[in-house]
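Dear colleague,

Please find the structure below, followed by a short account of what was found in it.

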Amino acid sequence: MPRLLLGLVLAALSVTGFAATFIFGGALTKGYGVSPEMLSFLRFAIAGTTMLTVGSVTAHGRKKLGSPSRRDWLSMLWLAPVGTAIMAWCVFMGCARVSTANASMADALTPLMIFVADALVRRHVDGRGLIGLLCGLIGALLVIQIVHSGGLALEAYSSGDVYILLSAAVWGVYTVCGRELNCRLGSSVFTTWTMLLGAAMMGAVCLFGDFAWPATPRAWLLTMGLGFVSTLMPFWTWNAAQKFLPISTLAMTAYFTPVIAVALGVVFLGEGVTPLQWLGTGFVIASALVETRR
């Protein structure tokens, strides 16, 4: 039980941090005109450099950071851009093109994408887990008001929705295919190097284009918030939680990201909550409880 509780606490911190990504991303891309490519580079450069600095303080930390083998490096060379640079770029491209509700579809789709990726890797489908997964998806769509009393609110055939779908898909690949390496190397080592490798990839891309940097102190403040609150904390805690939770349970926690986002809107922005959003929250909580008990 203590392991399960610790895993759930780590997952809760992760989804809370991820819930703020779309707020930071939407403000920086739409309000301050920062390029998605530049944001993808900066968030991982800030978070990865911080983790590397902290990890290098002690001799034990430096030894751990130097522990990956050649085979591990080869795995991280493709996992890093998939789970960091490409995923973040897709998220910010979506934030720049669609509403925050549509952008948060990434978190509503993440558990389903992880389920699909895990099924393809293990070649096994858990029917009971799929039922709980779909109930949670319905709840998440109700919470973010994609599904409402008038029907569907999707921005049909929008390129932004395609980017959001891709971001959820590549995150599922990163989580499932990187799970063994993450648990073996440790979440701090795995997170540090995948972040820095992702930042290096996007940094190379930024050298060959005219991409907009944050241009004001407020934009830089938001970028730092993105780097620490919505990158360093959620990435590390998500990877750390994999040591304590089955992947199906961890995936299910992603449904709470839109729930938390709505709660933050109520507390800090004075937004209201509709009866259907309460119903959706009930669906999400029920599916998570069933999955955790299972």
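**Helix packing around α5**

Helix α2 passes α5 in a right-handed crossing (the near helix is turned clockwise from the far one by less than a right angle; helices are DSSP runs of H or I with at least four residues, strands are runs of E with at least two, and both are numbered from the N terminus). The contact (heavy atoms within 4.5 Å) is made by Thr21, Phe22, Gly25, Gly26, Thr29 and Lys30 of α2 with Val91, Phe92 and Cys95 of α5. By class, 4 of these residues are nonpolar, 4 polar and 1 charged (Ala, Val, Leu, Ile, Met, Phe, Trp, Tyr, Cys and Pro count as nonpolar, Asp, Glu, Lys and Arg as charged, and the others, Gly among them, as polar).

This is a predicted model, in which local features need pLDDT of at least 70 and side-chain atom pairs count only at pLDDT 80 or more, while totals for chains, interfaces and linings use all residues. Residues are numbered from 1 along each chain as its sequence is written, and side-chain values use heavy atoms, with hydrogens and water left out.

Helix α5 (residues 70-95) also packs with helix α11 (residues 187-207), at an angle of about 65 degrees and with the axes 7 Å apart (axes are lines fitted to C-alpha atoms, for helices over the stretch in contact, and angles run from 0 to 180 degrees between N-to-C directions). α5 and α11 are therefore roughly perpendicular to each other (65 to 115 degrees). The residues of this contact divide into 15 nonpolar, 3 polar and no charged.

Overall, the protein chain has 15 helices and 2 strands. Of its 294 residues, 52% count as buried (under 20% relative accessible area, with a 1.4 Å probe and protein chains only).

Yours sincerely

Definitions and conventions: Parallel < 35°, antiparallel > 145°, perpendicular 65-115°, else oblique. Buried < 20%, exposed > 50% of the residue type's maximum accessible area, 1.4 Å probe, protein only.
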